[in-house]
Amino acid sequence: MAAAVGSVATLANEPGEDAFRKLFRFYRQSRPGTADFGGVIDFSADHAAHGTGPGAHKVVTSQLNVSSVSEHDARRAGLQPISKWQAYGLKGYPGYQWHWVKQCLKLYSQKPNVCNLDKHMTKEETQDLWEQSKEFLRFKEVNKRRPRSLLEKLRWVTLGYHYNWDSKCFLTVLKTEAIQEVSSGNYFQFKGLPWPCYKREKYSADHYTPFPSDLAFLSEQVAAACGFQGFRAEAGILNYYRLDSTLGIHVDRSELDHSKPLLSFSFGQSAIFLLGGLQRDETPTAMFMHSGDIMIMSGFSRLLNHAVPRVLPNPEGEGLPHCLEAPLPAVLPRDSMIEPCSVEDWQVCASYLKTARVNMTVRQVLATDQNFPLEPIEDKKRDITTESFRHLDDQHTQVKRARINPDS
């Protein structure tokens, strides 16, 4: 631990760099297998439950609402019985995985869902990424010099209410002294100006496709177990990480109802997740996110800065985490939401995950009986500028582009 903290302390500050950015850069540049990772909390290790190891003073055991999810419903969603779940929280911040990996790669990537490739390819070219990629992935070991398949170029997919990366536009007014938020954040009143300045929402009623029923059911069971009965899965963002990908520092605030949690499911290679505070000058806490881990951001933590500075290859070489070696059970509930994974599909998914991580985040966008606000017609004479966003980025991308910063 001391070695890791010392390494961070000796890292020279860049001009204007805050505490979060400094730690993000430290883990982005750190070396696997060294003391650099000594300060990262590992919830999968035995010491997490016994109060020892890195960051142990921050880790607390969380109680689950065991009676809210039946063992049968847990099995339908491909989850272990809730009695076997282990849940942890952090002080200071008030099953079966193959089915979900296959859904992210084979089903959820299909139209009408939206993905990053849509901006560079026609609808016909992105119609079925799985079919176009599966043979490349099945024989990846044979031909390592081949070009990347379309699935390997996939960076994000949106579900339900589709997150609009380009819509966050603000009317720009020079020399304003203060901004007052009015009407639940739907528009801003600039000090000294008579008119309100509207912002566009990241979600809209007319940019929606049906949310996958199996993922909605999984999310509802997990939310209920954590005390959020009545949670509705309305929007999802799937992030597809390569080993050199990162996710920039951001806050998920575009949903209109922040009282509901954000659910995050991780599969494949491990990652370092940084959870900070309301301001970026607060030093974040580093923790590992392993395959099968579920993170719930709710209450105070719902609007905290967070990021992924590093995806880590399997320490045992190019391979899969042990938890992904377990096959689906021979017998599933008759009304199960999960399906067996064929040998061919398993080969494609396994080949992909040897050098990748997939993350599903699920959100409720609207409160009960809430509707999207009407968007006013903007005055063409006023200067409108668009924020830049941080996209899931690869270190070796030929064309430099902004990284995804979903909300901040």
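Which residues are linked in a network of salt bridges? In this predicted model, where local features need pLDDT of at least 70, side-chain atom pairs count only at pLDDT 80 or more, and totals for chains, interfaces and linings use all residues, the network is formed by Glu 131, Lys 134, Glu 135, Arg 138 and Glu 344. Residues are numbered from 1 along each chain as its sequence is written, and side-chain values use heavy atoms, with hydrogens and water left out.

A salt bridge is taken here as a side-chain nitrogen of Lys or Arg within 4 Å of a carboxyl oxygen of Asp or Glu, and by this rule the count comes to 15 salt bridges. One of them joins the side chains of Arg 242 and Glu 152, with an N to O distance of 3.7 Å. This pair links distant parts of the chain, since Arg 242 belongs to strand E9 (residues 235–242) and Glu 152 to helix H7 (residues 150–153), 90 residues apart; helices (H or I, at least four residues) and strands (E, at least two) are DSSP runs numbered from the N terminus. Arg 242 is buried at a relative accessible area of 10%, and Glu 152 is likewise buried at 4%, where buried means under 20% relative accessible area, exposed over 50%, and partly exposed in between (1.4 Å probe, protein chains only).

Arg 363 takes part in a salt bridge with Asp 252 (3.4 Å, N to O). Because Arg 363 lies in strand E16 (residues 356–363) and Asp 252 in the loop between strand E10 (245–250) and E11, this contact ties together parts that are 111 residues apart in sequence. The side chain of Arg 363 also meets that of Glu 255 in a salt bridge (2.9 Å, N to O). Glu 255 is placed in the loop between E10 and E11, so its pairing with Arg 363 in strand E16 connects parts that are 108 residues apart in sequence. Arg 363 is buried, with a relative accessible area of 3%, as is Asp 252 at 3%, while Glu 255 is buried at 2%.

Strand E11 (residues 262–268) runs antiparallel to E14 and is joined to it by four bridges, two strands being regarded as paired if DSSP finds at least two bridges between them. Within this pairing, Leu 263 stands opposite Ile 296 in E14.
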